[in-house]
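Hi,

Here is the structure I promised to hand over.

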Amino acid sequence: MKILGIESSCDETAASVVEDGTRLLSNVINSQIDIHAAYGGVVPEIAARSHIEAINPAIEQALKEANCTWDDIDAIAVTYAPGLIGSLLVGTLAARTLAILKNKPLYPIHHVEAHVYANFVTQQSPTLAQQLTLPSSQPAFPMLALIVSGGHTQLVLFRDHGDYELLGQTQDDAVGEAFDKVAKIIGLPYPGGVSIDRAAPDGNRNAFPLPKAKLQNPYDFSFSGLKTATLRAVQRELGKDITFPSHELAGLLSESQRNDFAASFQRVAVETLVDKAVKAYNDLLPASVVIAGGVAASDALRRELKERLPIDIEYAPMKLCTDNAVMIATLAYYKAQRVEPCDPYALEVMPSISMTKTAWAKE
Ligand code: KG4
Ligand code: ZN
């Protein structure tokens, strides 16, 4: 079964064809990072407008790279939640129109849940120009997923496809959001996670002691205190008080101070994620552990989790951790085995619904 996936929930316009929920046939990602970097973050109106320009060419290219015509496509899958409303509307409108015109079943996909399914891609077409290093096998259930993106930080236990339990989540900022905000404070470019991952190896990770949040539920997270503590440490280091404009702090830091802050923040953020994932593993003893979402591309997180987890862990390639449509088409295959497609005339976007509230989720 070949599924065309479409993703446009934030700042990437992506389209992809995946076969049987495991074989990647094409992966087109049109990133708007360069456009938004000038503003230090995603500007929703610009994102929506850019999706309109990019979406049809992305879909055409995804079909072409997969050597598919519309006759070869068995279904269409599209991100309908969560994300920026204007961005979601562009992808869903394109998908709905194509589903009607080409007479294909349409599956609405939850973006955060789909991130986890990047880990189910284990094969790829040999004709792809860029070959990826993929996991050797699909993760087994019960599967513990550490989901770490720009908008979400969650620990979820998957008993089966569509059957999962939310163990804990962030009570304030998502970890990716904290990476992005701290990068801004210390003057590193958007997206902050990538910049901090690059700067941290040149810094001293013990230069500045930063706090780890303590929460009642051991699987919950909180990153806003860490972000504020980093800001206070920067102010202290530069001899400025809280009345000094925070956007002027970055310009006063030397490169080595900047690297030290990146390394110190990253150490605590990554340790927090790994502490909780390892605790959940030891408490629940799942058959597999996966990480998912943009922050799963972090070198430091990958290294530390592998070191401290008592079982072997395989990672999806970094290109499939940040936003893409491969994960959308992959999850749709498992959904298609279990639920009916949606009515393309009635599909609505849901900018903030949790994955545990989606139609096929059993909790
Ligand atoms: O999953 P994603 O691409 O978009 C959302 O669904 O939010 O995640 C984006 C987040 C951003 O906060 C970005 O800074 C972070 O992922 N990120 C990273 C890395 N690459 C992207 N964080 C740490 N290390 C990276 N290499
Ligand atoms: Zn994402």
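Let's start with I85, which sits in helix α3 (residues 85-101); helices here are DSSP runs of H or I with at least four residues, strands are runs of E with at least two, and both are numbered from the N terminus. I85 is exposed, at 51% relative accessible area. For that wording, exposed is over 50%, buried is under 20%, and partly exposed is in between, using a 1.4 Å probe and protein chains only. Together with L89 and L93, I85 makes a nonpolar surface patch of about 270 Å². Patches take residues with over 30% relative accessible area and no salt bridge, joining nonpolar side chains (Val, Leu, Ile, Met, Phe, Trp, Tyr) within 5 Å and like charges within 9 Å. A salt bridge is a side-chain nitrogen of Lys or Arg within 4 Å of a carboxyl oxygen of Asp or Glu, and the areas are Shrake-Rupley values with a 1.4 Å probe, where for residues only the protein chains shown count as cover.

Some housekeeping: this is a predicted model, so local features need pLDDT of at least 70 and side-chain atom pairs 80 or more, while totals for chains, interfaces and linings use all residues. Residues are numbered from 1 along each chain as its sequence is written, chains are lettered from A and ligands numbered from 1 in the order written, and side-chain values use heavy atoms, without hydrogens and water.

Next, the metal. H111 (NE2), H115 (NE2) and D323 (OD) coordinate the zinc ion (ligand 2) at 2.0 to 2.1 Å. Donors are N, O and S atoms within 2.8 Å of the metal (3.2 Å for Na, K and Ca), and with water not among the atoms, sites may look incomplete. The donor spacing reads H-x3-H-x207-D. H115 in helix α4 and D323 in the loop between α10 (318-321) and α11 are 208 residues apart, and both are buried.

Now the rings. Aromatic pairs are rings of Phe, Tyr and Trp (its six-membered ring) with centres within 6.5 Å; planes under 30 degrees apart are stacked, over 60 edge-to-face, the rest tilted. The count is ten pairs. Y117 and F120 are stacked, at 4.7 Å and 15 degrees. F120, buried at 2%, also forms a tilted pair with Y334, at 5.7 Å and 55 degrees. One aromatic cluster takes in Y117, F120, F141, F158, Y164, Y333 and Y334.

Cheers
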